Amino acid sequence: MSLHCPATLYIARHGDAEYTHAHVMSDEGGWLTETGQVQVTECAHDLADRRIAAVYSSPMQRAVESGVLASSELSVRHRELAGLEEIRVGERAGQPWNDPVTREVYDAWFRGDLDARIPGGESGAEVVARFREALATIADQHRGEQVLIFTHGGIMSLVVPRLAINVRDDLAYLQFVPNAVPARVEAGDEDWRVISWPGSASKDVV
């Protein structure tokens, strides 16, 4: 990839979603609510003048629905890509969202200890590696183009800052990523840069 034509990645959390087990952690896909559909539609409209070349999504249902809807609004193709899915909760499935075991692992990751592992799930290093590979695949296929990617708040908060040379690794620590508001990332052959980040310290955005 030439530095003179980096890929521009608009990386967004999926639209607002509902889940079968809404109050506990799980690896289920969920589905978009009416609010989520509106959020994704507005996201696509906001990017309509950016000449988006393609829309990608995680294989998880809430992200797929986001990608399909946005691609229809933008009249471009949609593709699911493995590696973009949310951090897997492993043996902590069924535990409440404030589960102290999981929280301790997340905190370790943001402190830089990527060897920490969710029991029965992934280490931080494994999460970073698969997400990096997926984004790099997209960037390599879209040199000089702009693409929209629907993924998940946890994984984009952990990994995207670690790929960029111009922000701290803990940029998104204790921030909340709103639904369907993309970060803008420029991916060149020698460096990646975060141009804008949508995170907020207020949970009111989610």
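These legends describe close-up views of a predicted model.

**View 1. Six strands make up an open sheet.** The strand order is β5-β4-β6-β1-β7-β8. Pairing within the sheet is mixed. Strands β5 (78–80) and β8 (192–196) form the edges, and each pairs on one side only. From one strand to the next, the twist averages 25 degrees. Strands of a sheet pair through backbone hydrogen bonds, in either a parallel or an antiparallel way.

**View 2. Strands β7 and β8 run antiparallel.** Strand β7 spans residues 183–187. Four bridges join β7 to β8. In this part of the sheet, E186 stands opposite R193 of β8.

**View 3. Helix α4 lies across the sheet strands β1, β4, β5, β6, β7 and β8.** The helix covers residues 124–141.

**View 4. Helix α5 is largely enclosed by the rest of the structure.** Why is α5 described as largely enclosed? Ten of its eleven residues are buried, so the rest of the structure largely encloses the helix. The buried residues include G153, I155, M156 and S157. Further along α5, L158, V159, V160, P161, R162 and L163 are buried too. The cover over these residues includes the strands β1, β6, β7 and β8. Helices α3 (100–111) and α4 also contribute to that cover.

How values were computed:
Residues numbered from 1 in each chain as written. Predicted model: local features only at pLDDT ≥ 70, side-chain atom pairs only at ≥ 80, totals over all residues. Heavy atoms only, no water. Pairing = 2+ DSSP bridges. Helix = DSSP H or I, 4+ residues; strand = E, 2+ residues; numbered from the N terminus. Axes fitted to C-alpha atoms, helices over the stretch in contact; angles between N-to-C directions. Contact = heavy atoms within 4.5 Å. Buried < 20%, exposed > 50% of the residue type's maximum accessible area, 1.4 Å probe, protein only.
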